[in-house]
Amino acid sequence: MALSEGTVVRVNGPVVEATGMDGATMLELVEVGSERLPGEVVALEGGVATVQVYEYTGGLGPGARVRPRGEPLAAELGPGLLGGVFDGMLRRLHGAEDFLAPGARPATLPRDRRVPFEPGTAAGGDVAPGAVLGTVAETRALEHRVLVPPGTAGRLEWLAERGEYGVDDTIAVVGGAEVSLAQRWPVRRPRPFVRRLPVTAPLVTGQRVLDLFYPIGRGSSGAVPGGFGTGKTVLLQQIAKWCDADVIVYVGCGERGNEMADVLVELSELEDPVTGESLLGRTVLVANTSNMPVLAREASIHTGVTVAEYFRDMGYDVVLIADSTSRWAEALREVASRTGQLPAEEGYPAGLASELASFYERAAAVETLGGGEGSVTILGAVSPPGGDMSEPVSAHTRRFVRCSWSLDRDLAYARHYPAVSWRQSWSRDAEVIAEWHFLQRDSGWQERRERALSLLAEADRLEAVAQLVGAASLPASERLVLLAARLLRAGVLQQSALSPTDSYSPPEKQSALLALVLAVHDRCRRLHERGVAIERIEAADLSDVVHARDATPVDGAGEVDGIRERVLAGLEELE
Ligand SMILES: Nc1ncnc2c1ncn2[C@@H]1O[C@H](COP(=O)(O)OP(=O)(O)OP(=O)(O)O)[C@@H](O)[C@H]1O
Ligand SMILES: [Mg+2]
């Protein structure tokens, strides 16, 4: 049956109203006007549809036709996503600053090339969703597993032979249904899995302040709240480059186009420390930068998570990064104000909290339909206007994430990078990850963490006192706390994204650096107990401790241990 067309009666920026839409359904995809601009039905009442359009509605006026597509907004999934750049509707771009002509419909997956398919099973038996039909060697970094899609099951009647195929070619027939390499999935519906698994293992980010103090688990969620210019983008990009996930989906949402272009260049130049392959080969970039239509931002987050879940279902650990969720929420606000919804807090729609909840809920470690394990970890930047953490997006996000890495303006101003605050940040995963380290035979992990955090907190308190009475009037034990906290801040917490040796810190080196500072604190306390004057200890040259992170190679845990022995021996001479 042909779907009945509607007619535009009102255009209000990116939102249009159309009559004659009786046959349409909520969240159905439509095409508007002669340029067939894509849009989504966001409200429906008595045949009048409110449509949010994902492109500029400049040439559009009353009388334009609105054609329902008979399906919700869906993403095309298959080989060819990795290393690509896409817009919020997953249309392929030629770079992060590319523009599509209005209504342009470039496909997601490349149609002009064939990919090598290797069957992984034999025809004849019964298969269920999630079963591996075969593989495509898409990039050298990742084996693309071709699965029986959700909703398809039965006898595997036919399976393609090893060979080169286009993404639309049938590669299998399952229970009478043809399966091709390209599949579609509605972006607002989470992809199915068997069950959620508890979060147990850490996602190693390579950033010390996170991994040592505010760790995040695989399948967990985290927010990076921070005021203007405090380093949110740099921190998230560092994680995109160095974390130990299999696939990264990076959604640039309402941020500057040149930043996305930079990520693209950097990722193509960098090598994966494990596989030695270009990091771009494990990355999917979704670019919806500030110069692109505002409403496509709203879709980009859901599109990104759908891509992440697609790779999760193959049994991979995926990280989805959204920079920034505040810009995404602005798109919600824009729709709300134009559709005359009753605004709730600060003009955001009343559904803001549930929108944020349903986004972060898609972070999960799961048993996949195929019986394997995979995870999606979600990280979102939050940029509160004026750094006000009580505003709605920040406040609601805190309720739904398991970690919060709060960036501090004063630290950023003092060029203490990453400017992750040790006062405001928290991780609800810290306990399970301590347990994981314990099981990995690092029984001291939790103790080192707790000791360092309490030194930092104690030093903050003492510094306030010292401001009033002068540090020299504090007891020696407290002056040693101040000394240790200084070393922690400069030698462990700080980590320059630009340093060739310290941009990324593997777990062994992280632990060695923390152990170095704690050992120095212990030795200084002992010296003082044996009668060495506090002034002499404070005057000791400890610059090697501070510079160990930079002065040793990336995998230089052994060298750091060497520095520790030398520094401790040097301190002995004070006695
Ligand atoms: N880890 C880091 N190492 C070195 N420099 C950093 C680091 N983090 C931030 N910076 C410096 O701070 C600047 C601003 O960082 P960034 O663009 O990430 O901030 P932002 O919070 O994303 O800003 P905006 O609010 O505009 O989105 C960077 O250009 C860089 O000079
Ligand atoms: Mg930024």
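Helices and strands in these legends are DSSP runs, with at least four residues (H or I) for a helix and at least two (E) for a strand, and both are numbered from the N terminus.

**Domains of the predicted model.** The structure shown is a predicted model. Four domains are assigned: domain 1 spans 6-72, domain 2 spans 110-181, domain 3 spans 216-410 and domain 4 spans 445-572. The centres of domain 1 and domain 2, taken over C-alpha atoms, are 36 Å apart.

**A barrel of 6 antiparallel strands.** The strands follow one another in the order β1-β2-β5-β4-β3-β6 and close into a barrel, with antiparallel pairing. From one strand to the next, the twist averages 45°. Strands of a sheet pair through backbone hydrogen bonds, in either a parallel or an antiparallel sense.

Strand β3 covers residues 28-32 and strand β4 covers residues 37-45; the two are antiparallel and joined by 4 bridges. Val30 faces Gly39 of β4, and Val32 has Leu37 of β4 as its bridge partner. Between the strands lie 4 residues, and Gly33 of this hairpin has a positive phi near 75°. Leu27 also has a positive phi, of about 65°, although this residue is not a glycine. Leu27 sits in the loop that runs between β2 (15-19) and β3.

**The hairpin of β4 and β5.** Strand β4 also pairs with strand β5 (residues 48-53), in the antiparallel sense and over 6 bridges. One of the residues bridged here is Leu44, whose partner in β5 is Ala49. The hairpin has 2 residues between its strands, and the phi of Gly46 is positive, near 50°.

**An open sheet of 4 strands.** The order of the sheet is β13-β12-β10-β15, and the pairing is antiparallel. Strands β13 (142-147) and β15 (163-165) form the edges, each pairing on one side only. The average twist from one strand to the next is 40°. Inside the sheet order, strand β10 (residues 115-119) runs antiparallel to strand β12 (residues 132-139), with 3 bridges between them. Phe117 stands opposite Val136 of β12.

**Strand β14 and its two partners.** Strand β14 (residues 154-159) pairs with strand β11 (residues 126-127) over 2 bridges, in the antiparallel sense. Val127 is bridged to Gly154 of β14. Strand β14 is also joined by 3 bridges to strand β16 (residues 170-174), and these two run antiparallel. In this second pairing, Leu156 is opposite Val174 of β16.

**The cis peptide bond between Tyr417 and Pro418.** The peptide bond that joins Tyr417 and Pro418 is cis, with omega of about -15°.

Ser324 belongs to the loop between β23 (317-323) and α5 (325-338).

**Packing of helix α14 on helix α15.** Helix α14 covers residues 543-551 and helix α15 covers residues 557-572; their axes come within 10 Å and cross at roughly 175°. An angle over 145 degrees counts as roughly antiparallel, and α14 and α15 are therefore roughly antiparallel to each other. Helix α14 makes the contact with Asp544, Val545 and Ala548, and helix α15 with Val560, Ile563 and Val567. By class, the contact has 5 nonpolar residues, no polar residues and 1 charged residue.

Conventions:
Residues are numbered from 1 along each chain as its sequence is written. Chains are lettered from A and ligands numbered from 1 in the order in which they are written. This is a predicted model: local features need pLDDT of at least 70, side-chain atom pairs count only at pLDDT 80 or more; totals for chains, interfaces and linings use all residues. Two strands pair if DSSP finds at least two bridges between them. Axes are lines fitted to C-alpha atoms, for helices over the stretch in contact, and angles run from 0 to 180 degrees between N-to-C directions. Angles under 35 degrees count as roughly parallel, over 145 as roughly antiparallel, 65 to 115 as roughly perpendicular and the rest as oblique. Two residues are in contact if their C-beta atoms, placed from the backbone, lie within 7 Å. Ala, Val, Leu, Ile, Met, Phe, Trp, Tyr, Cys and Pro count as nonpolar, Asp, Glu, Lys and Arg as charged, and the others, Gly among them, as polar. Domain bounds come from an automatic or database domain assignment.
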